[in-house]
Amino acid sequence: MRTVVITGGTRGIGGGLAARLRAQGDEVIAIGSADADLTSVRQAADLADRLPDRIDVLVFAAGRFGAQRVVTTEGFEQTFALYVLSRHLLAERLRPALEGAAQPVILNLCGTGGIPAGRIHWDDLQLTRGYSLLTATMQGARANDLMGVAFADRDPGSRIRYVLYNPLFVDSGIHRYFRQPTRALVGAAARLLGSSVETAARRLTDLLADPPSAPLTALRRGKPVPLTAPEFDPTAAARLDATLRRLIADVSI
Ligand SMILES: NC(=O)c1ccc[n+]([C@@H]2O[C@H](COP(=O)([O-])OP(=O)(O)OC[C@H]3O[C@@H](n4cnc5c(N)ncnc54)[C@H](OP(=O)(O)O)[C@@H]3O)[C@@H](O)[C@H]2O)c1
């Protein structure tokens, strides 16, 4: 029986995956915002301390779109805090718990290989200028690609396999984050063009039954994304890693 931790495991894709894995006998710890508000670095650190000391699979599925720029009490832009800082912190803090498992995997649901837009705003990571939902989401997508590279580079001897996975459009109800008339359009497009949560969860369950053997893999709905793409630049990855460590340390946890 595997121990699986799923942030964002209370609904949407993470919720669908939690249900499937439980049904096949895994022990699943599903984290929603009521369990830990992962826009808070302190709460993310506290969550890491509360989790078991052996974890087989860590899934990052917590996400929230923000139409407006919101700053957390710790001074971070909310999308950056949830999508970037909490994932970096949990991956690093739970490294020892994962290393204790037989076949450890980090599965990071993100935007890898998707829209080739978006960049890291090195001089304004908190997007104080020109915030938009798309800018914040795409910066998060680029950051997660780099976090995967930095995680794998940090310990080349590690047995942990890090999988960046873009599920593409999934009808998980994300239209609720938008105002009308965009909400109705996104909802209709998701029903028409998106995968169902059940289908997305089945694909992920199959992936976790036979995970890739490389230290880092990027998949776009199962199709490999070449790690030679500029999004995976190791120099940028090391730079981001150092920046995130500094930001997290500054919260003094
Ligand atoms: N849906 C898509 O088309 C799509 C496409 C590409 C990538 N993705 C990625 O896949 C992941 C899952 O997406 P989804 O569509 O399943 O999202 P979703 O249906 O909106 O579910 C989001 C999950 O994140 C949790 N969450 C939100 N804010 C949180 C916070 N502050 N602290 C802790 N947990 C929080 C929610 O928990 P509560 O409800 O308990 O607050 C919920 O379990 C996201 O990372 C998203 O970027 C999705």
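First, some ground rules. This is a predicted model, where local features need pLDDT of at least 70, side-chain atom pairs count only at pLDDT 80 or more, and totals for chains, interfaces and linings use all residues. Residues are numbered from 1 along each chain as its sequence is written, and side-chain values use heavy atoms, with hydrogens and water left out.

**Exercise 1.** Find which residues are closest to the ligand.

*Solution.* Start with the shell (a heavy atom within 4 Å of the ligand): 29 residues surround the ligand, and the closest are Thr10, Ile13, Ser33, Ser172 and Arg176. Next, sort the shell by type: 14 are nonpolar, 10 polar and 5 charged (Ala, Val, Leu, Ile, Met, Phe, Trp, Tyr, Cys and Pro count as nonpolar, Asp, Glu, Lys and Arg as charged, the others, Gly among them, as polar).

**Exercise 2.** Work out how far the side-chain N or O atom of serine 172 is from a ligand oxygen, then do likewise for threonine 10.

*Solution.* Polar contacts are pairs of N or O atoms within 3.5 Å. For serine 172 the distance is 2.5 Å. For threonine 10, also to a ligand oxygen, you get 2.7 Å.

**Exercise 3.** What is the strand order of the open sheet?

*Solution.* Reading across its 7 strands gives β2-β1-β3-β4-β5-β6-β7, with mixed pairing (strands are DSSP E runs of at least two residues, paired if DSSP finds at least two bridges). β2 (27–31) and β7 (223–224) are at the edges with a single partner strand each, so one side of each lacks a neighbour in the sheet.

Definitions and conventions
Polar contact = N/O pair within 3.5 Å; in protein donor to acceptor, adjacent residues only side chain to side chain. Helix = DSSP H or I, 4+ residues; strand = E, 2+ residues; numbered from the N terminus.
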